[in-house]
Amino acid sequence: MTTSPDTRTDQVLHLLELLASGATVAEIAAADAPPAARDLALRISHTRDLHQHREAGLAALLDTARELATKHDPAQVLEAIVRRARHLLQTDLAYLTLYDAEADDTFMRATSGSVSAAFQSVRLALGAGLGGLVASTRKPYWTADYWSDDRFQHTGAIDGAVGEEGIVSICGTPLIVESDFVGVLFAANRTARPFTREDVALLTNLATLAAVTLVQTRALADAEKAVQALQEAHETVRQYAAGIEKAAAAHDRFANLVLGGGGVEGITHAVAELLGGWAVLLDENGAVRSSTGPAPDLVRSAEIQQLQDKAAAAGGRLVHEGDTYAVMINAAHERLGTLLLGEVGRLHDADARTVERAGMVTSLVLLFERNAADARQSERNRVLADLVAGRGSEGERVQLARGAGFDPVAPFCVLVMRGEDSAATRALIMSASAATGEGSLVGAHDDQIVALVPASDPDALAKTVAGRVGRRSPVTVAGVGPVSGVGGIPAAHEEGARTARALIALGRRGQGAAATELGFAGLIVGTDPDVGDYVHRVLAPVLDYDERRGTDLVGTLEAYFAAGSSPRHAASSLHVHVNTVSQRLERIGALLGPSWQQPEQALELQLALRLRRLLAEP
């Protein structure tokens, strides 16, 4: 059937209206129009779609350039690139690998849409896989079916990662800037979707833009790092200069303190004022010498004990645990103490040197103090030796004692001390001086420490001093007295020496006692033993009971020991029933205590009974 010209004109006009309205290819193909006109309309529609697609791609590239221009972190740039690539090409995922010049391969750096950890960590050798081929040839490659494409070198590692991600179709294009290979940009799908040349061109343009941006971002980052390094160097120089100035001020302050006769207390306070926080100086025994902070609670903590050990191992260098710092105070390889500092934050090198300098100055002051103390102690030792030996007239000895700070006119006790370590004489003298208090005269004489102490109870004094001085190392202390006048010192010293030897011989090393408390041994070592007092002290409970009740338990006790501790034989000698003797012995046990028949106490009882009989004889 022939179509009239007017009808054909109407049909062509209809096609033009479809083109003008942006009709789809299917709508144009279904239009009732001459074939030639319809084919021309389809070509025009295709060309229009192609231009629109290119225009959209260019617009997307422009948007991408704007976005990348706002990124200053290389990691953010890479993330933006793969995200844009996935969006522009409408693929399941996009990813980017960077070139590693040292390993001569590429490694996964950024992904978008990936779900496989193995895929996100894969490395591609040059020439291996599609990416390796792109990297080695520096040309784009794409495939609609990676698994059946034999253009690529398939490896177990790459294929395993690609398979775990589920990728089927891939397109990769190189990132190149001024002939320098940077990496590879990929777009991929999990279905067999072919990539058009327009897709490849768009990805290539995006890769070029990304490569330039990445290089510029790296250059900017390097410049920022250089500026930051320069600023840090400037700050380091500034801090160093400030540290030198601060150290000079600290040095001047420490020097003025020492030259002005100041002690370690002034140095401790100066450190706290210079650096803030608190400062504590411990002596060689760990006791607080001076402080500006919570010293009592501090020094008892296990952490501080560990910090002191750490400081001792470091010599004169500053150490710390948390926010507490410590430096050992030493001189001639001898530990004199520890300087602690806390609540000062983080100390810079200059501040650390200030603390170490304070430690050195403190060691000098302590050394001066020690030398002066040694000179004073040498004089005390000489005075004590003259008093013990009785050299010179009584008046001269009284003047010597008073010159050393001791008054020999008032009653006093003589202590003789023997320590376990002969090399610790200095420490023992210091501890004994602290334990006996002011007004005492303490010094070394031969292998002993002798102390003249204002007191009237030698036994109680000896026990107290042994307990205080022997906390770190056992010290045996013998007490004699009270003594009046310098004339009694030589004999009291001899008795004290004998008593100290007796304490050690009796297995009472590290204890303190007077001769009167040694039982029968006190009768031997004492200068003027009181036998009657000894008898009464040993038998007092039984004697007092007999006196109150009119009994003769002492006689029963004497008969019991005379019978070889046999109640039956004792009953025969006393002419009483054995049960009577047993009852009396029970009463004696209640008075003397459960150990009265033990060898040591039994010996004391028998000696006291024998001496009582001797004293009673005319």
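**Reading salt bridges**

Trainee: So Asp386 counts as buried, at 12% relative accessibility. Which cut-off makes a residue buried?

Mentor: Under 20% relative accessible area is buried, and over 50% is exposed. Keep in mind that this is a predicted model.

Trainee: Okay, and which side chain meets Asp386 in a salt bridge?

Mentor: General idea to begin with: side chains of opposite charge can pair when their charged atoms come close. Here, the partner of Asp386 is Arg382, with N to O at 3.5 Å. Arg382 is partly exposed, at 40% relative accessibility.

Trainee: How many residues apart are Arg382 and Asp386?

Mentor: They sit 4 residues apart in helix H12 (residues 349-389), so about one helical turn separates them. There's a network too: salt bridges link Glu379, Arg382, Asp386 and Arg391.

Trainee: How many salt bridges turn up in the whole structure?

Mentor: A search finds 9. One of them joins the side chains of Asp105 and Arg123, at 2.9 Å from N to O. That pair links distant parts of the chain: Asp105 is in strand E2 (residues 105-112) and Arg123 in strand E3 (residues 123-125), 18 residues apart.

Trainee: Is Asp105 buried or exposed?

Mentor: Buried, at 11% relative accessibility.

Key:
Residues are numbered from 1 along each chain as its sequence is written. This is a predicted model: local features need pLDDT of at least 70, side-chain atom pairs count only at pLDDT 80 or more; totals for chains, interfaces and linings use all residues. Side-chain values use heavy atoms; hydrogens and water are left out. A salt bridge is a side-chain nitrogen of Lys or Arg within 4 Å of a carboxyl oxygen of Asp or Glu. Helices (H or I, at least four residues) and strands (E, at least two) are DSSP runs, numbered from the N terminus. Buried means under 20% relative accessible area, exposed over 50%, partly exposed in between (1.4 Å probe, protein chains only).
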